[in-house]
Structure formats: C-alpha cells, structure tokens
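Here's a quick tour of a structure, written for someone just starting out. Have a look at it first, then follow the notes below.

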Amino acid sequence: MQHTLEQFFRALRAADVRISPAEAIDASRAVMVTGYGDRPLFKDALCATLAKSAEEVTRFDAVFETFFARDAINLNPPPEGSPQGEPSQEDLDATAGSPLAQAVLTGDATAVQQSMEEAAARAGVADIRLTTQRSRLTRRLLEEMGLEEIERIIANARRMPDGQGEGLANRLDAARRNLFTEAQAYVARQHDLYAAGSAQELREERLVRKALNADGGVDPVDYQLMAALVKKMAKRLAAKYSRRRRAARKGHLDVRKTLRKSMAHEGIPFEIAWKVKKIDKPSIVAICDVSKSVAAAAQFLLTFLYSLNEVVDRMDAFAFSGRLISVNDILDDNGVEGAILKVLQQIGFQQTDYGRSLQDFADNHLDRLDRRTTVIFLGDGRSNFADPRLDIMRQIHDRARAVIWLNPEPESYWAQGDSVMHRYARFCHVAKQCGTLEQLERIIDDVLRSYVPH
Amino acid sequence: MTPPAVKPPAADHLSSVDALIEGLSSVGYIASRRIATALYMAVNLQKPILVEGSAGVGKTELALSTANLLGLPLIRMQCYEGLDESKALYEWKYGKQLLYTQILKDRMGSALADAPDMDAAMVRLHGMGDLFFSEPFLEPRPLMQALRQDDGCVLLIDEVDKSDEAFEAFLLEVLSAYQVSVPELGVIVAKTPPLVFLTSNNVRDLGDALKRRCLHLHIPLPEAALEERIVATRVPGVEAKLTKDLVAFVQSLRTLDLRKPPSISETVDWARALVLLHADSLSPDLVRDTLNVILKFEQDIVAVEPQVVELLHRR
C-alpha cells in the first residue's frame, strides 16, 4: 500500500500540489491512524495533511477521484448461444495455461483488475510523459498481462476440427477486444494523472524563453498562456517583496538617551529608550514605451508595470509613444487587462518620439525625481531619427538615485538604424537587454532587491 | 451554547471522527466531516492546525469549542503587525530587576566587606550573578504559558497572517518541537504538547515552512442544510420556518456580487436580531430594516435594497 501512496504523491505533484518528504511522512502517519477502510475519512485525512491552500484542496479532490477511481472492469457477457455462468470443463482445460483467460471466462473482474495493476507496474505505465506514448504503453500493458497466451489459445481453438472450439474462440476474442479498451482507458487515466501537467510545463518553459519582440509577436494560441505566465511571475515578485517591506522595525538600546533620561532618577535608568530606525522612503518612476516598434512586448511590459505598481508603495508610472502621459490612475483603478487596454487605447502604437516624450516628462514631472528615486525605462530606444534630447536624459540621471534601462533588443542592435540606445546607455546606471520573460523577471527581481531598501 | 451538565471524559470524544462531531455539537459547534477529520488528525498526529477561511465562518470559534469540549484551558494570542518575542514568549521584568538591584546595593557592600581582596570579592559576585535572570523575574507571555501547562491546553494563535514574517519564522520552533529556547535559562520543553490552532484570513500568503508544519483546514461558507443546523443550535428559540427562510435569503445574497458576502456569524446575528424583534416570518420591510446586520458596507446595502422583494421570492 505504501507504494500506492507514493504513486499518489507523484500524481499530486504532477498536478502542482507541492508535497515535501515531511508532508509525505505525515500523510503516511495519518493513514496509519485512519486505516484504509473508510473512504471519506481516508480522503479527508490525506487532504488535511497534504493540501495547504484552498486551490490545492480543489486540485487534491480532482486527483484523488481520478487516482482512486477503480471502476470494476466491464467484462463482456458471454455471447448468445453459450450458456450463462460457469464455463464448461473443456474450456477450462483448454485455457489451463493462461490464468488471464480463465479469469475472463469465469467473469472474475477482480482477478483481471489485479493482473492489470501488476502488469502496469511491470510495464512502467506510470512513467508516461507524452500523449504519443499511449498506444505503445497500452500494447506493453496487454503483453505483460499475458495477451499472447490468449491469442495462442484462440488460434488453437479455431484450428480444432468441426468448429468445436468456435464458441470458445469467439468468446475469448470478444474478451480480448474488451481488454484492449480497458487497457486503453487505464493508460489514458495514468496519462491524465502524471503527464497532463508536464505538457503544459513544456509549453510554459518554451514561452518563458521566447523573445518578446520576435517577428510577428507571440502566437495567438500562446497568448493566453503567456499572459497567465506574466501574471504568475508578477504575483511571485509581489509576494516576495511585499513581505520584505514588512520586516519588523526593532530598535537597539539607545544608551545615550537612556542615560540622559535617567538623570531625573538619580542616574537610575528607569526609562529605557530605544533607537528608532529612520525609514528611507524609496520610490520608483517607471516609464514604459508602448509604441509600434515594441508592440509585441508592450503588453507584457505593461503587465509588469502593473505588478510593480502593486509591490512598490510610491511608484509613478508613465507610458509614451508620441507623447508621454501618467498612467497612475489607470493602473490604480482598473484590473490588469482593463488597465493595459486603456493605456494602449490612449497612446499605444503611435510613432515613437523619445525626445518629445522626455520633454513632456521634464516639463510636467521632473519634480518627482529626487535622490531616493529609481527610474526604470522600458523601451527599445528607437526614436525615428528625432532628437533624442540627451540633455534631459542627463538631467534625469543627475537627479535620480539610479536609472535603469531595460531594452527588449539585443545589445548588438543598440547602435544600428534609428536606435540611440547606446547614447542613452551612457546615462544609465544599468542598461540591459531584457528580451524574454525569464530575463524580465530576473532583472526586475534584481532591481527590487538593490534599489528598494527595506 | 449551553454545555451539558455532566461532560464525559475527553478521551471518549477523541476515539473517532463521529464521536468528535457529536462532542463538538454538544458544545454548540456544528462541524462538517472535513473539519472534524482535520481536528482528529491534529490530535492524533500532534500537529498544529492552520485554519483558513473568510471572516466569520467560525475559525476562532472552533478553537474555543474544542477547548470547551476537551475541558482544557484556552490560551489565546492575538497577532498584529509588530508583535515580537517579548510580547509573545517572555520578557524580563526590567523594572523589578532594577528595583531589586537598588535595594540590594547596600547589602552588597556588607556582603563583600569581609572579602580579603578584590579577586575574592569578584568570585563571590559571580556566585550571585544569575540572580536577576531567573524564574521570579520572568514574565511569561502566551506561548510560554502554553508550553508550561503540564496538563496540556489549547493554544489559539489568532490571525497569524497579520504578524510579521520574522515572527512567523520564530513560531517554527514552537510549532514543530513544542519547545522554546530562552538564552538565559535554556530550552523549555512542553510536558504535554498543547493543541495549537492558527487562524488566517489570507491578508498575506503564509510562508511554506509554516504551512508545511501544520495540517491545513479551509472552512468554506456552509451549505444551506448545515447553516440551518448552526442557526438552530446557536439561537435557541428561533422557529424552524424562520430559520429556513433566513438561511435561504442569506444563501441567495452570497450568489450576488457583494464586497463582503455575509458569513455564518452574520447569519447568526441576524437570527438573534429577528428573535429579539419577535419576527416569525420575513417580510420585505423587515428585511430592509435589518439589512445592516448582515451587510457591513454601505455600497452592499444600497445594491441589495432594491432587490429584496425579488430575492425573497426567488426560492
């Protein structure tokens, strides 16, 4: 039974329920207390020890039902013409070599099921990874169960003179087809349990590495998945850093103050004073390019902008293509999708004009920058040969604590065509390529760690 | 609400899940099977139990009822941002220590007067050194109190998600080994491990390390039948017909898109209010007048008010 539990844990892990060895041990101990007899009790006990959040409980329920679903195998009733019930003695003699055939003939579903489980363990059905392995594994499962024996018996029976063996052969043949269906269903179920998640994982892995501004952008088929991925990453970052910011502000004993206060009590330190940490209030100004040249990446950059907005207390978000606007209100008042749509509707996909946009920023928002501000640019630095206004960039650089530029294009493109990235890069503390979701997450992570003091 | 006059010994209630359900209902807590199983596992595996669910579904109440059922003292620790060791575990009584030092200052002189030289005086002083860091100067806080209950107790760590991350890490030692380390005194181990409940409202995600050490129990909003039983137990004197009606109404409220859908405690409060008003059936006017008992936000009340008649007729 321990083996079955282990398999169950594997199935749960495949369904994204995280189970550590410690939890597995707990679950085994829980099962020792409850026993296997009472199904609801068994299930609830496992659920309490294994699933650690409301979502995990839902997934646990689904996996439990699939995993422990052992519908009785449906054995064909004997075909018409043959008497119901006990098979004749000759039939039993003819099939003496194959316990499986006998079980099928006597209608012993339990025996067939048991033999299927054992065969499955030998054939390694639970190791299934891909849909394409299904037919091969079904075949192996049947072989392990002893299908060849049955086929041989059928062949022998058909060769018997005067059609004596015809009845037996027909019945076994029907049973064989039936077994095949059952085995297929069994393998399919195992696939659902262990491999359904892994295909998704493969796709996600590929998408994380896909270039954000690849030609033609992201495949519409993948779009939903990718948006979900971005959100997942954003949530991960948010969880990580919102927790950090809560770190307790505990002080040390302030000896000087304590002594001074004790003067009133003949030098006896009745009142103890603690050092209080001054809290540095960092802020972030994020400026995001949503123009045509970064069209494919813009959505994801904006999603990240949105998540940053949730993580950082004091953040000002701006978006630009031809002109620059503040998008704080839009991000605050709308959900992720709504906010992105609104930003794109207002100023998305126009001709980029970096100079003009920087000018807008300098005119209206330059007072937002001080020595505690980190400025993050998200954009490709392609300004359609307009004046890049490096003077404003220098001003921003001088005022802010740090300027970080994340560019979806690789560094080798930075000086080519209308790109002025190499010139802007001089005024950035960090200028990095950030072409895939994976890089984006890593860089933002770095930024938050080094530029958001806690 | 009213516990039976003679309580059977605690061990009986813990013999099986069914006995536990029955026992809990005898102290006024109607538990679903999943809740009882989780509790049963917690007792048998000696693991803390982390209870999650929206506000007012009976998380805290579960701990109170369990303590009541098992006849154990309940020690409660309310968590909040900034809670730290000195408030949760122990603190030295600084004032008392200072006062005693002052009082003993004069005695010190005479005690050391006959010491032949400085070294001898120092040796004698070392002997007295730990005087001020001993049990009489220790102020135990909830966690230490719970560990020092020799006959066991129920420890309720309420709203653990409101505490800081650092405090959560600090809880790990207590929860997994039922012990705490006090630098001046050594390790204090519980003779009988307390039965620990942690409750969480999901203000923030708890760390994996903490989750891993606990059994997890999520209490959802109850189904109609269960909720009717809860109301009947909690509010004696409410009529069956009224119970049915008001539960059905609350259940239909939960299907609406409200900022804070009413949970069990609101249903119970409402039932109490209706009993006070001597109502025997729900009329639209009565519902409108008492809507503020079940809905806690002005927008929700405004949204529901025009629909009251329709909701009452829906079932």
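In chain A, helix α9(A) passes α10(A) in a left-handed crossing. Keep in mind that this is a predicted model, so what follows describes a computed picture.

**Two helices in chain A**

- The helices in question are α9 (residues 147-159) and α10 (residues 166-194) of chain A, and they pack at an angle of about 155°, with their axes 9 Å apart.
- Angles over 145 degrees count as roughly antiparallel, and therefore α9(A) and α10(A) get that label.
- On the α9(A) side, the contact is made by Leu147(A), Ile150(A), Ile153(A), Ile154(A), Ala157(A) and Arg158(A).
- Facing them from α10(A) are Leu168(A), Ala169(A), Leu172(A), Asp173(A) and Arg176(A).
- Sort the residues of this contact of α9(A) with α10(A) by class and you get 8 nonpolar, no polar and 3 charged.

**Strands in chain A**

- Strand β2 (residues 315-320) of chain A has 5 of its 6 residues buried, so the rest of the structure largely encloses it.
- β2(A) pairs with strand β1 (residues 283-289) of chain A in the parallel sense, over 6 bridges.
- β2(A) and β3(A) make a hairpin, with 3 residues between them.

**A sheet in chain B**

- Chain B has an open sheet of 5 strands in the order β2-β5-β8-β1-β9, with parallel pairing.
- The edges belong to β2 (74-78) and β9 (215-218) of chain B; each has a single partner strand, so one side of each is left without a neighbour in the sheet.
- From one strand to the next, the twist averages 20°.
- Inside that order, strand β1 (residues 49-52) of chain B is joined to strand β8 (residues 195-200) of chain B by 4 bridges, and the two run parallel.
- Ile49(B), for instance, has Phe197(B) in β8(B) as its bridge partner.

**Two helices in chain B**

- Helix α13 (residues 264-276) and helix α14 (residues 284-294) of chain B pack at an angle of about 140°, and their axes are 9 Å apart.
- That angle makes α13(B) oblique to α14(B).
- The crossing in which α13(B) passes α14(B) is right-handed.
- Glu266(B), Asp269(B), Trp270(B), Ala273(B) and Leu274(B) in α13(B) meet Thr290(B), Val293(B) and Ile294(B) in α14(B).
- By class, this contact of α13(B) with α14(B) has 5 nonpolar, 1 polar and 2 charged residues.

**Where the chains touch**

- The contact between the chains takes 26 residues from chain B and 26 residues from chain A.
- On the side of chain B that touches chain A, α3 (33-45), α6 (94-113), α9 (165-177), α10 (208-213) and β9 of chain B each supply at least two residues.
- Which element gives the most to that side of chain B? The answer is α3(B), with 7 residues.
- The residues on that side of chain B divide into 9 nonpolar, 6 polar and 11 charged.

Terms used: Residues numbered from 1 in each chain as written. Chains lettered and ligands numbered in written order. Predicted model: local features only at pLDDT ≥ 70, side-chain atom pairs only at ≥ 80, totals over all residues. Axes fitted to C-alpha atoms, helices over the stretch in contact; angles between N-to-C directions. Parallel < 35°, antiparallel > 145°, perpendicular 65-115°, else oblique. Left-handed = near helix turned anticlockwise from the far one by under 90°. Contact = placed C-beta atoms within 7 Å. Nonpolar A, V, L, I, M, F, W, Y, C, P; charged D, E, K, R; others polar. Pairing = 2+ DSSP bridges. Buried ≥ 20, exposed ≤ 12 C-beta atoms within 10 Å, placed from the backbone.
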